[in-house]
Amino acid sequence: MKKITCLTLLCFITISSIAQNKFGHINAQEILVLMPDFKQAEGDLQNFAKSLEAQLGSMNAEYQQSVEEYQANESTYTSLVKQDKEAEIIGLQERITTFQQNAQQSLQEKEQELLIPINKKLKDAINEVATEGNYTYIFTSEILHYASESNDIGSLVRKKLKL
């Protein structure tokens, strides 16, 4: 009889502790793209990318001009001048390749630099809503397979961010 009473009490405690948990979910990406800071960062990133593309374009134009000049005058060059021009063209190719790699890395770093404060702002708003609403867990919709609309805290977070 004691075992049955203990087992019943244990089940009751477990069920009541589960019932006290409050779960919510949010589509954070959807809110992120609505944030004015995100739109500003997106514009800044596009401008940065355009400046890198312009620099790459000028480097490619310089390379193209050097190749055309070499091809047009190749027959008049001495062996020493040919070697010098070929080394110059190879050097330009290497500079372009290095620039492309560095530009890609710079673009990724710039994106991180711009998005970190925006993501923090969103996370802080989610945390405030979770605290105010006594939520135990908030899940992002990126990993949920099913969620009831009644547990969606997106509107509360949008309100907190004044969106």
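A salt bridge is here a side-chain nitrogen of Lys or Arg within 4 Å of a carboxyl oxygen of Asp or Glu, and a search of the whole structure, which is a predicted model, finds eight of them.

**View 1. Overall arrangement of the predicted model and the confidence along the chain.** The protein holds five helices and two strands, which follow the pattern α-β-α-α-α-β-α when read along the sequence. Of its 163 residues, 23% count as buried, and the accessible surface comes to about 11800 Å², with 55% of that area belonging to carbon and sulfur atoms. Among contacts between residues at least 6 apart in sequence, 84% join residues at least 24 apart. The average pLDDT is 86, and 83% of the residues score at least 70. Among the elements, helix α3 has the highest mean pLDDT, at 96, whereas helix α1 (residues 2-20) has the lowest, at 51. Over residues 5-12 the pLDDT stays under 50, and for this stretch the model has zero contacts beyond four places in sequence, so the placement of these residues should be read with the confidence values in mind, pLDDT being the predictor's confidence in each residue.

**View 2. The salt bridge between Glu30 and Arg158.** The closest N and O atoms of Glu30 and Arg158 are 3.4 Å apart in this salt bridge. Glu30 lies in helix α2 (residues 28-34) and Arg158 in helix α5 (residues 154-160), so the pair ties together parts that are 128 residues apart in sequence. Both partners count as partly exposed, Glu30 with a relative accessible area of 40% and Arg158 with one of 23%.

**View 3. The salt bridge between Lys85 and Glu69.** The side chains of Lys85 and Glu69 meet in a salt bridge with an N to O distance of 3.3 Å.

View 4. Lys120 forms a salt bridge with Asp124, and the closest N and O atoms of the pair are 2.9 Å apart. Both residues lie in helix α4, where they are four residues apart, or about one turn of the helix. Asp124 counts as partly exposed, at 29% relative accessibility.

View 5. Leaving aside residues up to four places away in sequence, Ser66 touches Glu88, Ile89 and Leu92. Asn60 also lies in helix α3, but Asn60 is partly exposed, with a relative accessible area of 33%. From C-alpha to C-alpha, Asn60 and Leu92 are 8.6 Å apart in space, although they are 32 residues apart in sequence.

View 6. The largest nonpolar core has 20 residues, of which Met35, Ile118, Leu122, Ile153, Val157 and Leu161 touch the most other members. Helices α2, α3 and α4 each supply at least two residues of this core, and the largest share, eight residues, comes from α4. Met35 touches Ile118, Lys121, Leu122, Leu161 and Leu163, not counting residues up to four places away in sequence. Apart from this core lies another, made of twelve residues, among them Leu56, Val67, Tyr70 and Ala103.

View 7. Phe23, Tyr137 and Phe139 make a nonpolar surface patch of about 280 Å². Phe23 has its place in strand β1 (residues 23-26), and this residue is partly exposed, with a relative accessible area of 38%.

How values were computed
Residues numbered from 1 in each chain as written. Predicted model: local features only at pLDDT ≥ 70, side-chain atom pairs only at ≥ 80, totals over all residues. Heavy atoms only, no water. Buried < 20%, exposed > 50% of the residue type's maximum accessible area, 1.4 Å probe, protein only. pLDDT = per-residue confidence, 0-100. Contact = heavy atoms within 4.5 Å. Patch = residues over 30% accessible without salt bridge, like charges linked within 9 Å, V, L, I, M, F, W, Y side chains within 5 Å. Areas by Shrake-Rupley, 256 points an atom, 1.4 Å probe, with all protein chains shown as cover. Core = buried A, V, L, I, M, F, W, Y, C linked by side-chain atoms within 4.5 Å.
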